[in-house]
Amino acid sequence: EIHHDSVWVLIIKSDLNHCALIEALLQQHHPYELPELLAVPISTGSNDYLQWMARELRVSADPIPTINP
């Protein structure tokens, strides 16, 4: 069956350490049975920005966050 729904593109800047969490949250909250999730590697970028991103994405011992609709 083909659906003609509106589609939104969401770009999440993260790293592979958070990919499983992002996928779990997407599966939990997305209305589709099989939502699209793609990971695109960073081949290069601003060194300052990449260092900032690495600092911000440090894996913590915090429990998995929940999102309330």
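The legends below describe close-up views of a predicted model.

**View 1. Centre of the largest pocket.** The largest pocket holds about 1200 Å³ of space. Its lining consists of 32 residues, of which L10, I11, I12, L37 and L38 are the closest to the pocket centre.

**View 2. Lining of the largest pocket.** Sorted by class, the residues that line the largest pocket are 23 nonpolar, six polar and three charged. Two helices, α1 (residues 19-29) and α2 (residues 47-56), each contribute at least two residues to this lining. Helix α1 provides the largest share, with four residues.

**View 3. The aromatic pair Y49 and W52.** One aromatic pair is found in a search of the whole structure. Y49 has a relative accessible area of 34% and is partly exposed. W52 is also partly exposed, at 39% relative accessibility.

View 4. A54 is a residue of helix α2. The relative accessible area of A54 is 48%, so this residue is classed as partly exposed, given that exposed requires over 50%. Along the chain, A54 and D15 are 39 residues apart, and 8.3 Å separates their C-alpha atoms.

How values were computed: Residues are numbered from 1 along each chain as its sequence is written. This is a predicted model: local features need pLDDT of at least 70, side-chain atom pairs count only at pLDDT 80 or more; totals for chains, interfaces and linings use all residues. Side-chain values use heavy atoms; hydrogens and water are left out. On a 1 Å grid over the protein atoms alone, a cavity is a set of points where a 1.4 Å probe fits but cannot get out, and a pocket is an open set with protein on both sides within 12 Å along at least five of seven lines; lining residues have an atom within 4 Å of a point. Grid points are joined across faces, edges and corners, and a volume is the space filled by probe spheres set on the points. Ala, Val, Leu, Ile, Met, Phe, Trp, Tyr, Cys and Pro count as nonpolar, Asp, Glu, Lys and Arg as charged, and the others, Gly among them, as polar. Buried means under 20% relative accessible area, exposed over 50%, partly exposed in between (1.4 Å probe, protein chains only). Rings of Phe, Tyr and Trp (its six-membered ring) pair if their centres lie within 6.5 Å; planes under 30 degrees apart count as stacked, over 60 as edge-to-face and the rest as tilted.
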